[in-house]
Amino acid sequence: MGYVFALCAALLFGANGSVSKVLLDAGLEPAQLTLFRVGGTALIAGAVLAFANRSALRVGGRQLAVLATMGVVGVALLQFTYAVAITVIPIGITLLMEFTAVLMVAVVAFFFFHEEVRARLWIAIALVLIGLAVVAQIWNSELNPFGVIMAFSAAVCLATYFLIGERVMSTSSPMAVAFWSMAAATVFWLLFSGWWNIDPALFATPVSLSGNLAAIQLPLIFPLLWNIVLGSFAPFFLSLIALKYLTATAAGVVSSAEVVFAFAVAWLWLGQGLGPFQVAGVVVVLASIILAQTARINKVVLADLAITAEDTDAIV
């Protein structure tokens with residue numbers, strides 16, 4: 001079941017990259033789009049808990065601090081850096097760089113949590129770097145350097161999300177984790193997104209779906225609602241359920257399928273394709289990511305973990 005949930009989350013997240021691109025091109029700022037995504041998810045999760053499981057809303061002070069860290073770093077900054085990156089570099093390449101996070105998970109597990117790793121981890125890291133160089137064509141690259149920095153910043157945030165999520169799911173329900181982490185992210189972006197500068201008329205403004213769907217125009221509110229419900233709440237909740245059944249290692253392997261889905265949708269919808277040489281680079285990177293994920297030997301037993309301030313500092 002964990003693999004099914006993780007794969008569904010990857011599909012929705014991957015497809016949502018193209019939806020986000022449409023919204024950003026229509027005039028929303030990356031921080032503003034992120035606010036709508038996290039705020040909408042927090043509202044949905046809070047409403048579900050209010051009717052179905054109010055007791056799950058009660059969390060301790062230490063746990064709340066961990067969830068807030070997950071929300072600000074693993075959600076708010078993750079979605080912001082990703083949104084900024086896709087405005088200047090292709091969606092698929094952004095995700096490919098972002099998913100080097102799974103290498104970071106294995107490295108952090110080795111150096112900070114003292115888990116044993118197989119030697120294949122270091123081989124996988126070398127292959128990922130080679131594969132990324134091929135995809136980005138660094139010898140003749142037109143990739144925006146700032147976009148590349150943002151994509152790798154997203155990788156750091158995603159690694160934080162996986163590592164904290166793996167631990168908090170032992171003591172909290174997926175919906176409670178979704179609510180508190182997204183609520184923290186919402187508070188963060190309420191302060192820094194500049195939402196007060198948005199013209200309300202923008203939501204009713206017809207926007208083109210771009211690319212091969214350029215002839216179709218919809219009021220901006222419709223792709224925004226898709227972005228919130230099916231592009232944020234649903235996949236985020238599914239990924240948290242997956243972490244209840246899987247370790248961060250296993251979840252990371254399946255979630256890397258998001259890159260494939262994102263490339264496919266961006267190609268079919270927006271025409272963001274790759275050359276044959278770059279496709280080979282993508283295959284090398286994805287294979288290396290899976291190789292790195294299997295390098296962790298000692299699986300984390302969630303029920304035996306106690307979350308401490310030191311754990312949070314090490315993760316961040």
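**Exercise 1.** Are α4 and α11 roughly parallel or roughly antiparallel to each other?

*Solution.* Before starting, note that this is a predicted model, in which local features need pLDDT of at least 70, side-chain atom pairs count only at pLDDT 80 or more, and totals for chains, interfaces and linings use all residues. Residues are numbered from 1 along each chain as its sequence is written, and side-chain values use heavy atoms, leaving out hydrogens and water.

Step 1: Two packed helices are described by the angle between their axes and the distance between the axes. Axes are lines fitted to C-alpha atoms, for helices over the stretch in contact, and angles run from 0 to 180 degrees between N-to-C directions. Helices are DSSP runs (H or I, at least four residues), strands are runs of E (at least two), and both are numbered from the N terminus.

Step 2: Helix α4 (residues 91-98) packs against helix α11 (residues 257-270) at about 170°, and their axes lie 8 Å apart.

Step 3: Angles over 145 degrees count as roughly antiparallel, under 35 as roughly parallel, 65 to 115 as roughly perpendicular and the rest as oblique. The two helices, α4 and α11, are therefore roughly antiparallel.

Step 4: Look at the contacts (heavy atoms within 4.5 Å). Residues of α4 including Ile91 and Leu95 meet residues of α11, among them Glu258 and Ala262.

**Exercise 2.** Find what Gly14 touches, and decide whether Gly14 is buried or exposed.

*Solution.* Step 1: Gly14 sits in helix α1.

Step 2: Leaving aside residues up to four places away in sequence, Gly14 touches Glu258, Phe261 and Ala262.

Step 3: Buried means under 20% relative accessible area, exposed over 50%, and partly exposed in between (1.4 Å probe, protein chains only). With a relative accessible area of 0%, Gly14 is buried.

Step 4: Pro235 is 221 residues from Gly14 along the chain, yet their C-alpha atoms are separated by 9.7 Å.

**Exercise 3.** Work out how many salt bridges there are, and which side chains meet.

*Solution.* Step 1: A salt bridge is a side-chain nitrogen of Lys or Arg within 4 Å of a carboxyl oxygen of Asp or Glu.

Step 2: The count by this rule is one salt bridge. Asp25 and Lys21 form a salt bridge through their side chains, at 3.9 Å from N to O.

Step 3: Asp25 and Lys21 are separated by about one helical turn, because they lie four residues apart in helix α1 (residues 2-25). Lys21 counts as buried, at 13% relative accessibility.
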